[in-house]
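I opened this notebook to keep track of what I looked up, chain by chain and then contact by contact.

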Amino acid sequence: MISYIIHRVLYAIPISLGVTMFCFALVYMAPGDPLTRLLPDDASPEVIAMMKKAYGLDKPIPIQYFVWLGNALSGDLGTSIQTNRPVLDEVSKALVNTIILSAVSVVVAFSVAFILGTLAAYYNGSAVDRLATGFSVLGVSVPNYWFGIVLIILFSVQLRWLPATGMGPGGSGSFSLFSLDGLRHLVLPVITMALIPLGIIMRTTRSAVSEVLGQDFVQTLRAKGLNEWAVVKHAVRNALPGVLAVMGLQFGYLMGGSILVETIFTWPGTGSLLNQAILNRDIPVLQGTILVLALIFVATNLIVDLLQTAVDPRIKRN
Amino acid sequence: MTDTNISFATAKGAASEPQQDRVRSYWQLVRLRLRYDKVTLFFGMIIVAIVLIALLAPILPLRDPLETSMINRLKPIGHEGFILGTDELGRDMLSRIIWGGRSSLLMGLLPVALALLIGGGLGVIAGFMGGTVNMMIMRVMDVFYAFPSILLAVAISGAMGGGMLNGLISLTVVFIPPLCRVAETATTQVRGLDFVEAARASGAGSASIIGTHILGNVLAPVFVYASGMVSVSILVASGLSFLGLGVAPPTPDWGLMLSTLRQAIYVNPIVCALPGIAILITSLSFNMLSDGLRQAMDVKM
């Protein structure tokens, strides 16, 4: 197991390096020379050469990459073209809000999905099962940002029960998870975000629980006279680690994929930051945000894998 | 990407297995199973209908999807002459949804088809060659696995700028790694089997082994997997358009329509929700069809 852990951690290093290379390359995917965006159109050749030297753009691209990587590792992700503030500041401020939204969403999704999935597995083939399964296929087929708009139409425009956008009057600064106002602002974005993980976690729970229910030891439990409630408890306990792992991975997906939902609800997280960066062609912010989100995704996957091995060492891995 | 590709097999109940009275080929069996699977047939027919309507848009008796009219802005559903109402510039919604289906279907199908060719090809090469070639190809794919699909698409499109071509490129890049991985796994499994060894021993070259023995066994899982990606592609593509990274206005496109109509939710909420319903029906149908294919082709993922 120790060797697996070492292996798995070492494996994450080249992946992370690959991620940094991809993010570095984003600048070169953007149309035009990176410099032309910084210089006036009538800049003289001398000025261009000077700027190239100042930005290190006169060096070969591999050297430029290592300089950039060194800066990134020491926390310098460049400066936002739009706000002129360090990219790292912008990203870390937004990251907190995305973590709040994603964490609450994934916990809500898990709570609902685990119960529904267990019921569907226990009453296999029944109306409950069909309903839950249909629900989960809808969850992954609905464009979730559209669903967010529908929720706004229903609960903010028509019924006026809940706020349509933002984190509250004080913005993210005065937002609190434990205040009524904070919760009211969370309801709609969380339901929207939870939709996809809800469907996926439910499917996983359903198949995990029904697999355990089909095993021999469940027969034994029944044979020795345990009531059904106790049998289900056993099945659930056995299915839980696998489902929790899927929940962890879903958290990573939500963190990285929050752009649409955050845009709909103008939630000031990394997704909104990305959207702003795209609108303003602010490539340093785009690059920095994507780098941070992808590295978080790699880290989440790593942690989930390690935890799962710790909980259930039987899981075979290659 | 694997997050959204899950099986919904049980939703439709077991299709009654036809009686086996003679030996049938694999594809005959697949066809037979599909014929008895009413749910899959139903959703397959919906897809055929959507595709036909989108293809026939130019000859259908529709209003011009680009014709604006200031006095007819945001008319409700059923307003005289406008069956599905009008949008924020007075354009006919019915016409725009039908025309919009063309770009949405294109953005759903083309990237997956391209990724099937490129990713599937790379996967077969990686699986067949093994060793260093395999390692190099698969490690590069692993890097792209470090991005949730929408983030990867947004990163590439965001850097390259909006437009349909850039959207197509970024979506193709998104779907290459998963399809490559499925093809690689299937190829590696087949490669070690006796009949491939036998073909090699009897002097068959790599190309003919891949063509006659490997592809036949790899195609089914890769194809089923790709069919499941179509709905993801439609969703991500509409998301890109919604963010202004896909099709450029005024071209009708479901994602773009949702984005421009968003300003009007206080005036005419139901009309604003229509393009999303189109996306939902299309993506749901592809999901269900893919699931039926998975069952009929007896592919385990």
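My entries on this model follow.

**Ground rules**

I am working with a predicted model, where local features need pLDDT of at least 70, side-chain atom pairs count only at pLDDT 80 or more, and totals for chains, interfaces and linings use all residues. Residues are numbered from 1 along each chain as its sequence is written, while chains are lettered from A and ligands numbered from 1 in the order in which they are written.

**Chain A**

I began with secondary structure. Helices (H or I, at least four residues) and strands (E, at least two) are DSSP runs, numbered from the N terminus. Chain A has 12 helices and 0 strands. I read its elements from the N terminus as α-α-α-α-α-α-α-α-α-α-α-α. The C-alpha trace of chain A spans about 90 × 55 × 30 Å along its principal axes.

Next I looked up burial. A residue is buried if 20 or more other C-beta atoms lie within 10 Å of its own, exposed if 12 or fewer, and partly exposed in between, with C-beta atoms placed from the backbone. Of the 318 residues in chain A, 39% are buried.

Then I turned to contacts. Two residues are in contact if their C-beta atoms, placed from the backbone, lie within 7 Å. Among the contacts in chain A with a separation of 6 or more, 72% come from residues 24 or more positions apart.

**Chain B**

Chain B has 10 helices and 0 strands. Its pattern along the sequence is α-α-α-α-α-α-α-α-α-α. Its C-alpha trace spans about 75 × 50 × 30 Å along the principal axes. Buried residues are 48% of the 301 in chain B. For contacts between residues at least 6 apart in the sequence of chain B, 71% join residues at least 24 apart.

**Where the chains meet**

How many residues of chain B are in contact with chain A? I found 41 residues of chain B in contact with 45 residues of chain A. On the chain B side, α4 (131–144), α5 (149–160), α8 (206–242) and α10 (269–296) each supply at least two residues. The largest share of that side, 9 residues, comes from α10(B).

I also sorted that side by class. Ala, Val, Leu, Ile, Met, Phe, Trp, Tyr, Cys and Pro count as nonpolar, Asp, Glu, Lys and Arg as charged, and the others, Gly among them, as polar. The side of chain B that touches chain A has 27 nonpolar, 10 polar and 4 charged residues.

**Ile290(A)**

Ile290(A) sits in helix α12 of chain A. It counts as buried because it has 27 C-beta neighbours inside 10 Å. Leaving out residues up to four places away in sequence, Ile290(A) touches Cys23(A), Leu26(A), Leu151(B) and Ala155(B).

**Helix α11 against α12 in chain A**

Two packed helices are described by the angle between their axes and the distance between the axes. Axes are lines fitted to C-alpha atoms, for helices over the stretch in contact, and angles run from 0 to 180 degrees between N-to-C directions. The axes of α11(A) (residues 270–279) and α12(A) (residues 283–311) come within 9 Å and cross at roughly 150°. The two helices are therefore roughly antiparallel (angles over 145 degrees). Among the residues making the contact are Leu273(A) and Ala277(A) of α11(A) and Leu286(A) and Leu293(A) of α12(A). I counted 7 nonpolar, 2 polar and no charged residues there.

**Helix α3 against α10 in chain B**

I compared a second pair. Helix α3(B) (residues 93–129) and α10(B) pack at an angle of about 35°, with axes 11 Å apart. In α3(B), Met93(B), Ile97(B), Gly100(B), Gly101(B) and Ser104(B) meet residues of α10(B) including Val271(B), Leu274(B) and Thr282(B). This contact has 7 nonpolar, 4 polar and no charged residues.

**Gln295(B)**

Is Gln295(B) buried or exposed? It counts as buried, because 22 C-beta neighbours lie inside 10 Å. Gln295(B) belongs to helix α10 of chain B.

Technical notes
Angles under 35 degrees count as roughly parallel, over 145 as roughly antiparallel, 65 to 115 as roughly perpendicular and the rest as oblique.
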